[in-house]
Amino acid sequence: MKKAFPNDLKVVYKNVVVHPAITHWHEAGCAAHQQGKFPEFEKAIWEKAYTNRGAYAAPEKVEELAKSVGVADIAKFKADRDGKCKEIVKQDKQDMFKFGIRGTPGFYVNGR
């Protein structure tokens, strides 16, 4: 769709934590985004953590995963993840619940 409608399509990503045990992935994804590495980090989560349970799924592995996708400033990554990203993830969930989104994926097209 992005190719077909490059000037008309806007994609907005919001966090809806369905399983609290993976909240750390959402917070870490936000922190990776702060350094321009969200797409790479999201892909790595699916490839290395979600589909390969155990390898990178644990909270203590997110920094290793971030490094593997090119997040350069790990100190900033940690600070963002543990600071503003916790609040962003929490606010995203609250916002999406207001719109009736209770699971993922959720889509709106032309406000519907």
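Modeller: One definition before we start, for sorting residues by class: Ala, Val, Leu, Ile, Met, Phe, Trp, Tyr, Cys and Pro count as nonpolar, Asp, Glu, Lys and Arg as charged, and the others, Gly among them, as polar. Please also keep in mind that this is a predicted model.

Biologist: Fine. How do the residues lining the largest pocket divide by class?
Modeller: The lining of the largest pocket has 22 nonpolar residues, together with nine polar and six charged ones.

Biologist: And what is the volume of the largest pocket?
Modeller: The largest pocket has a volume of about 1,400 Å³. Its lining is made up of 37 residues, and of these V12, Y13, P105, G106 and F107 are the closest to the centre.

Biologist: Which elements give two or more residues to that lining?
Modeller: Those are α1, which covers 23–33, and α2, which covers 38–50; α2 gives the most to the lining of the largest pocket, with five residues.

Biologist: You mentioned P105. Where does P105 lie, and what sort of peptide bond joins T104 and P105?
Modeller: P105 lies in the segment after α5, and the bond that joins T104 to P105 is a cis peptide bond, with omega at about -5°.

Biologist: OK, on to the second largest pocket. What is its volume, and which residues line it?
Modeller: The second largest pocket has a volume of about 240 Å³. Its lining residues include V11, V12, Y13, K14 and N15, as well as G29, C30 and H33, and also Q34, F38, I88 and D92. The elements that give two or more residues to this lining are α1 and α5, the latter running over 84–98, and α1 supplies the largest share, three residues.

Biologist: What about the classes there?
Modeller: In the second largest pocket, the lining has six nonpolar residues, four polar and two charged.

Biologist: Let's change topic to packing. At what angle do α1 and α4 cross?
Modeller: The axes of α1 and α4, the helix of residues 74–82, cross at roughly 130° and come within 8 Å, which means that α1 is oblique to α4. The crossing of these two helices is right-handed.

Biologist: Which residues meet there?
Modeller: From α1, the residues E27, A28, A31 and A32 meet F77, D80 and R81 of α4. By class, this contact of α1 with α4 has four nonpolar residues, no polar ones and three charged.

Biologist: And α1 against α5, is that crossing left-handed or right-handed?
Modeller: α1 passes α5 in a right-handed crossing, and the two helices pack at an angle of about 115°, with their axes 9 Å apart. In this contact H26, E27, C30 and A31 of α1 meet C85, K86, I88 and V89 of α5, and the residues divide into five nonpolar, one polar and two charged.

Biologist: That leaves α4 with α5. How do their axes cross?
Modeller: The axes of α4 and α5 cross at roughly 40° and come within 3 Å, so α4 is oblique to α5. The residues that meet are A79, D80, R81 and D82 in α4 and K84, C85 and K86 in α5.

Biologist: How many of those are charged?
Modeller: The contact of α4 with α5 has five charged residues, beside two nonpolar and no polar ones.

Note on methods: Residues are numbered from 1 along each chain as its sequence is written. This is a predicted model: local features need pLDDT of at least 70, side-chain atom pairs count only at pLDDT 80 or more; totals for chains, interfaces and linings use all residues. Side-chain values use heavy atoms; hydrogens and water are left out. On a 1 Å grid over the protein atoms alone, a cavity is a set of points where a 1.4 Å probe fits but cannot get out, and a pocket is an open set with protein on both sides within 12 Å along at least five of seven lines; lining residues have an atom within 4 Å of a point. Grid points are joined across faces, edges and corners, and a volume is the space filled by probe spheres set on the points. Helices (H or I, at least four residues) and strands (E, at least two) are DSSP runs, numbered from the N terminus. Axes are lines fitted to C-alpha atoms, for helices over the stretch in contact, and angles run from 0 to 180 degrees between N-to-C directions. Angles under 35 degrees count as roughly parallel, over 145 as roughly antiparallel, 65 to 115 as roughly perpendicular and the rest as oblique. A crossing is left-handed if the near helix is turned anticlockwise from the far one by less than a right angle, and right-handed if clockwise. Contact means heavy atoms within 4.5 Å.
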